Amino acid sequence: MQTITQGCARMKRRVPKRTYSSTRLPRCPTGIQGLDEITGGGLPRGRPTLICGSAGCGKTLMSAEFLVRGATQFGDPGVLMSFEETEGELTANLASLGFDLKRLIREGKIVLDYVHIEPSEIQASGEYDLEGLFVRLGHAIDSIGAKRVVLDTLEALFACLPNEGILRAELRRLFRWLKDKGVTAVITAERGRESLTRHGLEEYVSDCVILLDHRIYDQIATRHLRVVKYRGALHGTNEFPFLIGDDGISVLPITSLGLNHRISSERIGTGIGRLDAMLGGRGFFRGSSILLTGTPGTGKTIVAAKFAHAACLRGERSMFFSFEESPNQIIRNMQSIGMHLEPLVKRHLLRFYSARPSLYGLEMHLATMFREIAAFRPEVVIVDPITSLMDAGTDFESKGMVTRLIDFLKGGQITSLFTSLTQGGHALQQSEMAMSSLMDSWLLLQEIEGNGERNRVLYVLKARGMAHSNQIREFLISNKGIDLVDAYIGPSGVLTGSARMAQAARETAAELARQQEAARRQRELSRKRGALEMQIAGLRSEHEASDIELRQIDRQVGTQTRLLDAERTELGRLRQSDGSLAASRAVRKSLKARAP
Amino acid sequence: MKVVKSSSPCPAASGKSAKVWRFHLYVSGRTSKSLAAYANLKSICERSMLGGYRITVIDIAERPKVAKADQVCATPMVIRRNPRPIRTVIGTLSDPDLVLVGLDIASAI
């Protein structure tokens with residue numbers, strides 16, 4: 001599908017008129033959604049175009065739409081010459097697409113001419129020509145000044161008229177004549193076994209050939225369109241899926257024109273506070289695409305519903321595409337966790353769309369979703385789950401579908417959340433390879449089994465353009481809602497649920513024991529300290545006592561000395577001591593001896 | 001402009017007077033094919049009719065609406081309008097046997 005995207009991007013670049021001078025073939029816009037982009041503006045103006053395909057692939061419808069849109073949108077009157085369906089049948093068939101053929105005929109914008117030839121009633125003898133057809137066509141064209149002509153299954157003539165040689169010559173003349181008339185003609189033809197058309201009409205109509213195809217894969221049919229040939233112009237050569245909806249044909253990959261969406265840096269919350277915290281504190285970017293994968297029963301729908309719920313509470317509109325549960329079931333289930341969606345539905349903030357994936361093919365689903373989104377214009381779109389939708393097509397198709405859906409949503413700045421169911425035991429990352437690269441953010445919900453229980457955990461695997469947590473969080477669902485808690489990560493691994501609780505209890509006990517031990521040691525130490533202090537007090541008092549004693553001794557010694565001196569002096573005086581006199585005499589003698 | 005060329009030789013004496021064969025010959029202009037078809041048809045009628053016959057030549061180039069109304073596609077084309085049912089033969093009617101079978105005249109002879 002990538003190639004289609006590129007092809008389309010190329011076509012889109014071709015569309016602007018600036019680069020095309022008079023050398024470019026003039027185009028006749030079909031007005032068919034997507035076809036003009038593929039062909040670079042429409043069918044070659046003034047030339048015949050062949051639309052071929054097997055029965056039931058939409059040839060008549062496509063050619064009729066070309067005519068009706070020409071008459072209504074581009075002011076080109078047209079002639080529809082039908083060889084298979086009567087006017088009544090055609091009118092009824094086109095009415096189902098909302099085209100009012102009767103009114104257009106009444107207003108002179110379209111002329112319908114049913115050519116009835118009954119092979120069983122016709123005999124041929126000798127040469128003939130198709131002048132009757134020319135006259136009728138010429139008259140029809142001239143009567144309203146038609147610019148467009150559709151010949152629906154001209155090949156019916158081969159079945160009705162004999163002498164193929166004459167017929168071929170006449171058809172060649174017819175195409176020449178149409179060119180000379182300057183009308184843009186569309187000729188439809190049945191697909192042949194080996195050639196494009198059963199009777200080799202592509203030989204004569206060599207300007208533009210479009211091949212329609214209706215393929216069935218896995219019991220689901222998808223229509224494809226391919227421009228086989230477009231003389232004198234580049235064109236998308238890929239096969240493009242197309243579908244026939246209520247409002248005509250749309251050739252699809254027109255939304256995948258390029259990667260140039262407007263980008264918002266606004267962030268929107270998920271409705272789960274802790275999840276916002278994991279995403280840099282502010283949630284996802286507006287207009288981003290979010291993938292939510294998980295095994296069965298991990299709570300994907302709950303997260304998705306919470307996201308939509310949060311958007312509605314902000315006053316935004318949310319669209320919930322559910323491919324597994326009915327809206328009422330979702331509303332009831334969310335009620336059980338305290339999320340009330342019904343009032344939001346009543347206030348037209350939330351809209352559900354439920355359908356079985358096998359209801360129709362991928363393309364039809366896509367078209368329906370586009371239509372619903374265009375009608376409701378939501379800010380947030382939930383697809384729950386995208387995987388069951390993808391099962392409706394091949395890998396290639398489904399990736400293309402998701403690409404186009406994301407492109408479409410991003411183009412409208414719609415934030416999208418896709419849940420994806422992974423089978424238990426699958427390598428999670430691997431099974432989502434196809435989708436994950438298209439997504440801006442990827443949340444993974446997982447169940448961890450252990451201790452006889454399963455616990456939900458959530459990771460943020462990727463979140464483009466924002467710092468995000470690499471941590472595992474335990475995902476809790478209770479009747480109060482959802483919450484994320486830190487899972488225990490430690491030497492014994494990641495613990496969740498009761499194991500986490502047990503570990504927490506163990507930790508509390510250990511903490512308590514530690515506290516008690518500390519208290520005991522504290523008590524002991526303080527007791528020891530008290531003892532020491534008492535010891536210190538004893539010693540100090542002892543010290544003081546000895547101090548006092550010492551001072552007393554000192555005092556005693558001083559008194560005794562004084563008493564002794566006094567006694568000695570007294571004694572000397574009593575003994576009439578001359579010691580002092582003798583000493584003074586000796587001093588005087590030595591002084592005399594020194595003097596000359 | 002309806003160019004009517006009627007040919008009704010001796011209004012049959014045999015009791016089947018009611019049976020008048022009516023043919024519409026649709027041509028586009030006075031081409032060699034148109035003329036040949038008329039001549040051939042006329043000679044076949046002359047040779048095989050028991051009762052009366054009438055050939056109406058209609059030039060669709062002049063009356064395109066008739067071409068649509070009468071579902072003319074290939075020209076020249078002759079339609080047996082009477083007696084019913086309608087029978088159609090296209091071409092220059094160069095093979096009388098095929099024309100007799102195609103217009104179911106053979107049974108009347």
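**Exercise 1.** Determine how helix H13 (residues 362–376) of chain A packs against helix H15 (residues 395–411) of chain A.

*Solution.* Step 1: Two packed helices are described by the angle between their axes and the distance between the axes. Helices here are DSSP runs of H or I with at least four residues, and strands are E runs of at least two, numbered from the N terminus. Axes are lines fitted to C-alpha atoms, for helices over the stretch in contact, with angles from 0 to 180 degrees between N-to-C directions.

Step 2: For H13(A) and H15(A) the angle is about 10° and the axes lie 10 Å apart. The two helices are therefore roughly parallel to each other, a class that covers angles under 35 degrees.

Step 3: H13(A) contributes Leu362(A), Leu366(A), Met369(A) and Phe370(A) to the contact, and the residues from H15(A) include Met401(A), Leu405(A) and Phe408(A). Residues are in contact if their C-beta atoms, placed from the backbone, lie within 7 Å.

The model is predicted: local features need pLDDT of at least 70, side-chain atom pairs count only at pLDDT 80 or more, and totals for chains, interfaces and linings use all residues. Residues are numbered from 1 along each chain as its sequence is written, and chains are lettered from A and ligands numbered from 1 in the order in which they are written.

**Exercise 2.** Describe how chain A meets chain B.

*Solution.* Step 1: The contact involves 21 residues of chain A and 29 residues of chain B. H6(A) (131–144) gives the most to the side of chain A that touches chain B, with six residues.

Step 2: S6(A) pairs with strand S5 (residues 87–90) of chain B in the parallel sense over three bridges; pairing requires at least two DSSP bridges. Ile122(A) stands opposite Thr88(B) in S5(B).

Notes: Contact = placed C-beta atoms within 7 Å. Parallel < 35°, antiparallel > 145°, perpendicular 65-115°, else oblique.
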